[in-house]
Amino acid sequence: MQFEDEVETALAAFSNENHMAREDAIKRIVREYLIREGFLFSGQEGIHPAKLNASNDG
């Protein structure tokens with residue numbers, strides 16, 4: 001999968017800074033995004049605040 005040039009440049013910088021392969025960097029970025037947005041449970045966080053409602057707030 002190829003991204004726009006500016007995204008590829010940022011991805012390369014992220015990969016180099018974290019000493020990981022490009023594919024591993026993509027996996028990490030996607031996973032962290034999904035956890036932060038409440039789509040993936042990390043095992044360490046509860047329900048994302050934006051997803052709370054009267055039935056799950058507790």
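**View 1. Isoleucine 29 sits in helix α2, which covers residues 22-36.** We start with this one residue in a predicted model. Is isoleucine 29 buried, exposed or partly exposed? Its relative accessibility is 37%, so it counts as partly exposed, since that label covers the range between 20% and 50%.

**View 2. Isoleucine 29 meets Leu11 and Phe14.** Which residues does isoleucine 29 touch once its neighbours within four places in sequence are set aside? Leu11 and Phe14 are the ones in contact with it. Take phenylalanine 14: it is 15 residues away from isoleucine 29 along the sequence, and the two C-alpha atoms are 9.4 Å apart in space.

**View 3. Helix α2 from end to end has 15 residues.** From its first C-alpha to its last, α2 reaches 21 Å. That is close to the 21 Å expected at 1.5 Å a residue. As a handy rule for looking along a helix, an α-helix has 3.6 residues a turn, so residues three or four places apart point the same way.

**View 4. Glycine 38 follows α2.**

**View 5. Stepping back, the chain has two helices and zero strands.** Of its 58 residues, 9% are buried. The chain exposes about 4,900 Å², and carbon and sulfur atoms supply 54% of that area. Now look at the contacts between residues at least 6 apart in sequence: 0% of them join residues at least 24 apart.

Key: Residues are numbered from 1 along each chain as its sequence is written. This is a predicted model: local features need pLDDT of at least 70, side-chain atom pairs count only at pLDDT 80 or more; totals for chains, interfaces and linings use all residues. Side-chain values use heavy atoms; hydrogens and water are left out. Helices (H or I, at least four residues) and strands (E, at least two) are DSSP runs, numbered from the N terminus. Buried means under 20% relative accessible area, exposed over 50%, partly exposed in between (1.4 Å probe, protein chains only). Contact means heavy atoms within 4.5 Å. Accessible areas come from the Shrake-Rupley method with a 1.4 Å probe; for residues, only the protein chains shown count as cover. The expected span of a helix is 1.5 Å times one less than its number of residues.
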